[in-house]
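Hi,

Here is the structure I promised to pass on.

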Amino acid sequence: MKIPFSPEQASTIAGSIDAIYLYIVAVTIFFTALIYGLVAVFAVQYRRKSPDEVPGAIHGHNGLEITWTVIPLIISMTMFIWGTVVFFHYARPPKDAQEIFVVGKQWMWKIQHPSGKREINELHVPINKPVRLKMTSEDVLHSFYIPAFRVKMDVIPGRYSSLWFEATRLGSYHLFCTEYCGTQHSGMIGKVHVLSQEDYQKWLETGSAANTPVPVSGQELFKTLNCATCHNSGSGALGPNLNGIYGKPVQLADGSTVTADDKYIRRSILKPADQVVAGYAALMPSYQGQVNEEQIMQLIEYIKGLKETSAPAPASATEV
Ligand SMILES: [Cu+2]
């Protein structure tokens, strides 16, 4: 259904967002018309007809009170429940969603696909496939908005936010930053290109010789930053074995337990002293200022891929 003055519906969620939006608008228009209409009618009907007319006293009416409380309650609950159902669908990416990495930076969107292919202010996605964007910001607040998909999410420095969608129509659509982020904010715009799955694969492969898959870039960083000096899963290693830690609980020195998720690993790299692993000394240096957000994402992808049974990360003493 094409709604006048609104962008095309090009994702699986666009229809349900528009439906609830139209429902709320329709209810609002109905009651606005009803109330203003009655104000006008009553003003005429019950106007003072002679100068000495005195109105009769009103002593309330329970039936009326209950009616105009219960009806709006029911209507607002339909909005709430329906809205919640749509929101839950929107907030929970499907498990099989393909991940794409996004870093907002004054004033551009830097995007990297898992195969390593990069683009700026353009996002190529396959049609009919759920895609999840993992997003963060290098500097200030930004917000990632694709009107035709009806999806928008804040992009926040120091945090990961995620946004998912499944495109349903081929074509190119607007991409906007919708959080005022400085002088060139209005120029922080781009295009989302929805390709057929074959064309997306072809697009990924063009110039692929120059691309390093994201976890492999992470592995290279792990070597060049000398992480492997301490994290080498050898006996007597200074740092904990990182194989298989992703998603698992970690016991900290202060007695608490945290899950080794993206946020925890990012913090371990930038502020290792904040959350020290039980049984280890706080020896790890901070990498603040040595790695940018894209590189942190790459390191995380590498650590995510380390299975419990992986060969030990090479000790840099023998590697370097
Ligand atoms: Cu911005």
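Predicted model: local features only at pLDDT ≥ 70, side-chain atom pairs only at ≥ 80, totals over all residues.

Start with Trp107, which sits in the loop that links β1 (98-105) and β2 (108-112).

Next, the positive phi values.

- Asn128 belongs to the loop between β4 (122-126) and β5 (130-137). Its phi is positive, about 55°, although Asn128 is not a glycine. 
- Arg150 is in the loop between β6 (142-146) and β7 (151-155). Here phi is near 60°, again a positive value in a residue other than glycine.

Which of the two is buried and which is exposed? Asn128 has 12 other C-beta atoms within 10 Å, and since 12 or fewer counts as exposed, Asn128 is exposed. Arg150 has 23 other C-beta atoms within 10 Å, and because the cut-off for buried is 20 or more, Arg150 is buried.

Last stop, helix α3, residues 197-205. How many of its nine residues are buried? The count is zero, so α3 is hardly covered. Just after α3 comes Gly207, with a positive phi of about 65°.

Cheers

Methods. Residues numbered from 1 in each chain as written. Helix = DSSP H or I, 4+ residues; strand = E, 2+ residues; numbered from the N terminus.
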